[in-house]
Amino acid sequence: MNTKPQFAPDEDVLLLEETTDLRDLIVYNDDVNTFDHVIRTLIDVCGHEPEQAEQCTLLIHYKGQCAVKLGTYDELTPLCSAIHDRGISADVV
């Protein structure tokens, strides 16, 4: 039986890590859009369940903003544009 280690303990071992720069898609409150419109937008654009969309909409209303989606810049940019197309303020931060 061979009990020797596969590598010497003093050898350098490279660890490859995937680093991704995760960002938030923030939706902001306004005095124009209705709760139903924002809820429907979050369901259609972000893929939220109705309960999640409603909770985010309440946070947007009472806190002024809410992070509705987490992802990379490239993933969130088209979603942000789709939200803008529906007349709702949003940013990727």
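Y62 is exposed in this predicted model, with a relative accessible area of 65%; here buried means under 20% relative accessible area, exposed over 50%, and partly exposed in between (1.4 Å probe, protein chains only). The residue belongs to helix 2, which covers residues 50–63. Helices (H or I, at least four residues) and strands (E, at least two) are taken as DSSP runs and numbered from the N terminus. Together with F35 and L58, Y62 forms a nonpolar surface patch of about 330 Å² of accessible area. Such patches are made of residues with over 30% relative accessible area and no salt bridge, like charges being joined within 9 Å and nonpolar side chains (Val, Leu, Ile, Met, Phe, Trp, Tyr) within 5 Å. Accessible areas come from the Shrake-Rupley method with a 1.4 Å probe, and for residues only the protein chains shown count as cover.

Residues are numbered from 1 along each chain as its sequence is written. As the model is predicted, local features need pLDDT of at least 70 and side-chain atom pairs count only at pLDDT 80 or more, while totals for chains, interfaces and linings use all residues, and side-chain values use heavy atoms, with hydrogens and water left out.

Stepping back to the whole chain, the protein has three helices and three strands. Read from the N terminus, these elements follow the order β-α-α-β-α-β. The chain has 93 residues, of which 28% count as buried. Its accessible surface comes to about 7000 Å², with 51% belonging to carbon and sulfur atoms. Of the contacts between residues at least 6 apart in sequence, 66% join residues at least 24 apart, a contact meaning heavy atoms within 4.5 Å.

The three strands make an open sheet in the order 2-1-3, with antiparallel pairing. Strand 2 (65–72) and strand 3 (90–92) stand at the edges with a single partner strand each, so one side of each is left without a neighbour in the sheet. On average, neighbouring strands are turned by 20 degrees against each other, direction ignored. Two strands are said to pair if DSSP finds at least two bridges between them.

Strand 1 (residues 22–28) and strand 2 run antiparallel and are joined by seven bridges. Along this pairing, L22 has T72 of strand 2 as its bridge partner, and R23 stands opposite G71 in strand 2. Strand 1 also runs antiparallel to strand 3, through three bridges; here L25 has V92 as its bridge partner in strand 3.

Helix 2 lies across strand 1 and strand 2, at about 125 degrees to strand 2. Helix 3 (residues 73–85) lies across strand 1, strand 2 and strand 3, and runs at about 140 degrees to strand 2. For these angles, axes are lines fitted to C-alpha atoms, for helices over the stretch in contact, and the values run from 0 to 180 degrees between N-to-C directions.

Turning to charged side chains, a salt bridge is counted when a side-chain nitrogen of Lys or Arg lies within 4 Å of a carboxyl oxygen of Asp or Glu. By this rule the count comes to three salt bridges. One of them joins R23 to D21, at 3.2 Å from N to O, and R23 is partly exposed at 29% relative accessibility.

R40, D44 and R86 are linked in a network of salt bridges.

Finally, the loop between helix 1 and helix 2 holds E49, which is exposed at 51% relative accessibility. E49 and I39 are 10 residues apart in sequence, and their C-alpha atoms are 9.5 Å apart in space.
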